[in-house]
Structures are given as C-alpha cells and as structure tokens.
Amino acid sequence: MMPTGTLYGIGLGPGDPELITLKALRLLQASPVVAAFSKAGRTGNAWTIAAPHLREDQTRLRLEYPFTLEVSVTDPRYHREMGVFYEACAARLAEHLEAGRDVAVICEGDPFFYGSYMYLHDRLVERFPVQVVPGITGMSACWTQANTPITHGDDVLTVLPGTLPEDTLVERLAHTDAAVFMKVGRNLPRVRSALARAGMLERALLVERGSMEGERVQRLAERAEDEPAPYFTIVLVPGRQGVR
Ligand SMILES: C[S@@+](CC[C@H](N)C(=O)[O-])C[C@H]1O[C@@H](n2cnc3c(N)ncnc32)[C@H](O)[C@@H]1O
C-alpha cells in the first residue's frame, strides 16, 4: 500500500517576514500542497507571509470561510454551517493525503493558539501522520513591538478573548496581574469598558497589526472612543512594572 502524506500545521509567526522559523520554511517549501484559511475575496494573512517562499508548482488550496463576522457565534447557524465547512475542508486535504502528498496548512502566529487549523487537526489526526510547527504568536510580537515587558516574577497572565461578555471580562481581570485581549476588533468598546471598570484602563496598550505593515502602538486611554479597531488588534495590560 502506498504511504499516505503527512499533514503539517505550520505556524508562520505574527507577520514580520523575518519571524518565520527555519523549520516552518523548510517544511513549507518541501510540501507539494499548501493550504490556508482566509476570508472570501481576501488574500489572507498567512498567504501574504508565505508568498515570497511559494513556488508555481505547489498546489494551493484556498479554504474560504462561508462567513466571518456576518453571523454571530451565538447563532446556532454559526456552529452548524462552520462544522459543514470544516468537514468539507478536511475532505479536500484528505484526498491529497490519501494520494501520498504532504499538505502544509499555513497559519498566522501559532497553529494551536486560537487558530482554525485546529478544526482540521481534530478531524485528521487519527487518520494521517501529523506534525505541528509552533510559531511566534501575535501577542508576543505585540508586547515586543510595544517595548513592554508583560510578566515579571510570579505575575499571573490571563489571555482573554474580547468576545466574552463584559461582566466576565471584569471578573477575570480582578484575578490577574497582566492580561492580553485577543479578538479585539469590533469588541474594542466592551474591552475598554471592562478595563475601566477593573481600574486598568490607564495601564492598557493597544497594538494594531503588530510586526506587520501598518503597525500602530498607542495607549488605549489616548485612543478616540469612536475609532474602530482592525481585525489584527491586541490590547495588553502589562504586569507589575519596575519590580526590582
Ligand atoms: C484567530 S486569532 C489567531 C491567533 C494566532 N494563531 C496567534 O498565534 O497569534 C486572531 C486574533 O489574534 C490577534 N492577532 C494575531 N496576530 C496579531 C498581530 N500580529 N497583531 C495584532 N493582533 C494579532 C488579533 O486579536 C486577532 O483578532
């Protein structure tokens, strides 16, 4: 029997083209098939990071979400239709893997950190050999670009999706020294309000497109309240400062 291909989940880092690991680059270039999720009609950040390293003879699978922000995650349709979409994506990958071709799924940041790659991984890990290559996360790039140490000594860091209800955010903030808000985008007003209620607004920094083109770093308190935030936005609350 012909051996199957290997599924690679490849973290490409936060955007800076120099923050790709040697391993990610080697496996990306060796894979006959490269796949990535993206919003319909958009290039997609993983494709942008990988572009200089791809060859014409590599098959490219564009996995375009049926919707992104148009349907709320609380709508039962969201999970039903996304489930169908991920099944179809896994089937497209399985066809290549069964034919003995390796498939590299390229991901922004780290594949196992809030990445859609995980929905393919879960569906394919028991059928095919799988290898995941970690990537530098977006949050790591953001605190680096903000020139801000995030945790000292025994500081506790809490990572919070900005999609959580405001009361939950406030409650979580009460039990942490440092925080990172992911998925800020259209949730910025709720994140700001939760930080104000927790008495942390003055310490908070906002980073748009950390380490990518168009990067911006500012104190959240100085940002106009009505200014929208792009999809690639992280809010940081550094832990204790000047400990020693
Ligand atoms: C679906 S998660 C993917 C996280 C990614 N796998 C990682 O390791 O960072 C997308 C969210 O990550 C955050 N993000 C990722 N990279 C970023 C960057 N370079 N700058 C700002 N925000 C980023 C944003 O909050 C965005 O809404």
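User: How many disulfides does the structure hold?

Analyst: First, the ground rules. This is a predicted model, where local features need pLDDT of at least 70 and side-chain atom pairs count only at pLDDT 80 or more, while totals for chains, interfaces and linings use all residues. Residues are numbered from 1 along each chain as its sequence is written, and side-chain values use heavy atoms, with hydrogens and water left out. Now, a disulfide is a pair of cysteine sulfur atoms within 2.5 Å. Here there are zero disulfides.

User: Is C89 buried or exposed?

Analyst: Go by relative accessible area: buried is under 20%, exposed is over 50%, and partly exposed is in between, using a 1.4 Å probe and protein chains only. C89 comes out at 3%, so it is buried. C107 is buried too, at 10%.

User: On to helices. Which residues of α1 are buried?

Analyst: A word on the labels: helices (H or I, at least four residues) and strands (E, at least two) are DSSP runs, numbered from the N terminus. In α1, which spans residues 22-30, the buried ones are A24, L27 and L28. They cover an arc of only 105° around the axis, so they lie on the same side of α1. That arc is taken from the directions from the helix axis to the C-beta atoms. Over on the other side of α1, L22, R26 and A30 are exposed.

User: What covers the buried residues of α1?

Analyst: Look for contacts, meaning heavy atoms within 4.5 Å. The cover includes β1, β2 (33-39), α2 (45-50), β4 (103-107) and β5 (130-133).

User: Which residues of α6 are buried?

Analyst: In α6 (residues 166-173) they are L169, V170 and L173. Viewed down the axis of α6, these fall within an arc of 100°, so they line one face of the helix. The buried residues of α6 pack against β6 (157-161), β7 (178-182) and α7 (188-197).

User: What about residues outside the helices and strands? Where is S31?

Analyst: S31 sits in the loop between α1 and β2. It is buried, with a relative accessible area of 1%. Setting aside neighbours within four places in sequence, S31 is in contact with Y8, Q58, D102, V103 and A104. With residues up to four places away in sequence not counted, T6 touches L97, R101, D102, V103, P129, V130 and Q131.

User: Backbone next. What is the phi of Y114?

Analyst: The general idea is that most residues other than glycine have a negative phi. Y114 has a positive value, near 55°. You'll see Y114 in the loop between β4 and α4 (117-124), where it is partly exposed at 37%. R209 is not a glycine either, and has a positive phi of about 50°. R209 is in the loop between β8 (205-208) and β9 (216-219), and is partly exposed at 28%.

User: Last one, the ligand. How many residues surround it?

Analyst: A residue is near a molecule if one of its heavy atoms lies within 4 Å of it. Here 19 residues surround the ligand, and the closest are E108, D110, F113, K183 and T233.

User: How much of the ligand does the protein cover?

Analyst: Accessible areas come from the Shrake-Rupley method with a 1.4 Å probe, and for residues only the protein chains shown count as cover. The protein covers 94% of the 560 Å² of accessible area that the ligand has on its own. The elements that give two or more residues to the shell around the ligand are α5 (138-145) and β10 (233-237).
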